[in-house]
Amino acid sequence: MILNINGIEFSYSSVPVLNNVTFTLERGEVLSILGNNGAGKSTLLKCINKILEPHKGTIYIEKDEISKLSRVDVAKKIGYVAQRHESGRFTVFDAVLLGRKPHIKWDVTQKDIKIVNSVLKKFDLEKLSLRYLSELSGGELQKVVIARAMAQQPVLMLLDEPTNNLDLKNQIEVLKIIREAVKEQNIAAIVIIHDLNLALRFSDKFLFLKDNTIYAYGGMEVMTEEIIGSVYGIHVVVEKIHDIPVVIPL
Ligand SMILES: Nc1ncnc2c1ncn2[C@@H]1O[C@H](COP(=O)(O)OP(=O)(O)OP(=O)(O)O)[C@@H](O)[C@H]1O
């Protein structure tokens, strides 16, 4: 087991956002977190990454309780891609190299450079490696921040709407790279995503948040017309096209 979340609760001031959230995630799994705007998806990721501290409950990453880990130790285990990014005066290469920071003791090693180059290649970013982040398109910047999280070589990746700003081809490619990395390296990823059809294509598990808590959690068996309809308040059909399940809003 890579992640074990037990009974977490979180409120902003006195407004409750997460209540009794409990689930586990295994190695080799991609989990999509789904739910309406404001359901608490980003808040949940921030609790897992120790940016926010739950008022109740426990979060274990492998054998370690998150609240007891230092920032650097959290960064060695968890790669986090936020919903919004700053684009400072860094080159693409340096921005991805920053992902190695939790692992660097004194100086950048050949191994760090090798990892950065291989990640840049994976994301097809080599030709942009000397460009400044401020000179990138929104989609290119999105790929760079995901590449940085991957260069970190975490055991768990947390991605808040990673397909934002990406065109159709890049949406598919980036989710494929994430899925392949999870399978090849036997790590895990949690992805917040609004497109149910992309979630269906690239996830092993699905977690629906509604009314501050988990409404449904599981594999394909929870992607039903009833559950999706009830979470989003619309009618949908779930059908197979070319053997791929798709959700169609009616
Ligand atoms: N810093 C904050 N202070 C107070 N309330 C906040 C803060 N951040 C988020 N909230 C509120 O907490 C609730 C959950 O927000 P969160 O960002 O976790 O939702 P989400 O499911 O990720 O939404 P979206 O799909 O729109 O990104 C929302 O009602 C939001 O307005």
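Okay, let's start with a strand pair: E3 and strand E9 (residues 205–210) run parallel to each other, joined over four bridges. Strands count as paired here if DSSP finds at least two bridges between them. Helices (H or I, at least four residues) and strands (E, at least two) are DSSP runs, numbered from the N terminus. Across that pairing, Ile 33 sits opposite Leu 207 of E9.

Quick housekeeping. This is a predicted model: local features need pLDDT of at least 70, side-chain atom pairs count only at pLDDT 80 or more, and totals for chains, interfaces and linings use all residues. Residues are numbered from 1 along each chain as its sequence is written.

Back to E3, which has another partner: strand E8 (residues 188–192), also parallel and also over four bridges. There, Leu 31 has Ile 190 as its bridge partner.

So, is E3 (residues 30–34) mostly covered or mostly open? Mostly covered: five of its five residues are buried. Buried means 20 or more other C-beta atoms lie within 10 Å of a residue's own, with C-beta atoms placed from the backbone; exposed means 12 or fewer, and partly exposed is in between. Val 30, Ser 32 and Leu 34 cover one face, with Leu 31 and Ile 33 on the other.

Next, the core. In soluble globular proteins, nonpolar side chains tend to be buried together. Here the largest nonpolar core has 72 residues, and Leu 158 is among those with the most contacts inside it. A core like this is a set of buried Ala, Val, Leu, Ile, Met, Phe, Trp, Tyr and Cys residues joined through C-beta atoms within 7 Å. Helix H5 (residues 138–151) gives the most to this core, seven residues.

What does Leu 158 touch, leaving aside neighbours within four places in sequence? Its contacts (C-beta atoms, placed from the backbone, within 7 Å) are Leu 45, Ile 48, Asn 49, Ile 78, Tyr 80 and Ile 190.

Now the ligand. Among the residues around it are Tyr 12, Gly 35, Lys 41 and Thr 43; being around it means having a C-beta atom, placed from the backbone, within 6 Å. Helix H1 (residues 41–48) gives the most to this shell, with three residues.

Last, the whole thing: the protein has eight helices and twelve strands. Its C-alpha atoms fill a box of roughly 50 × 45 × 30 Å along the principal axes, and 38% of the 250 residues count as buried.

How values were computed. Two residues are in contact if their C-beta atoms, placed from the backbone, lie within 7 Å.
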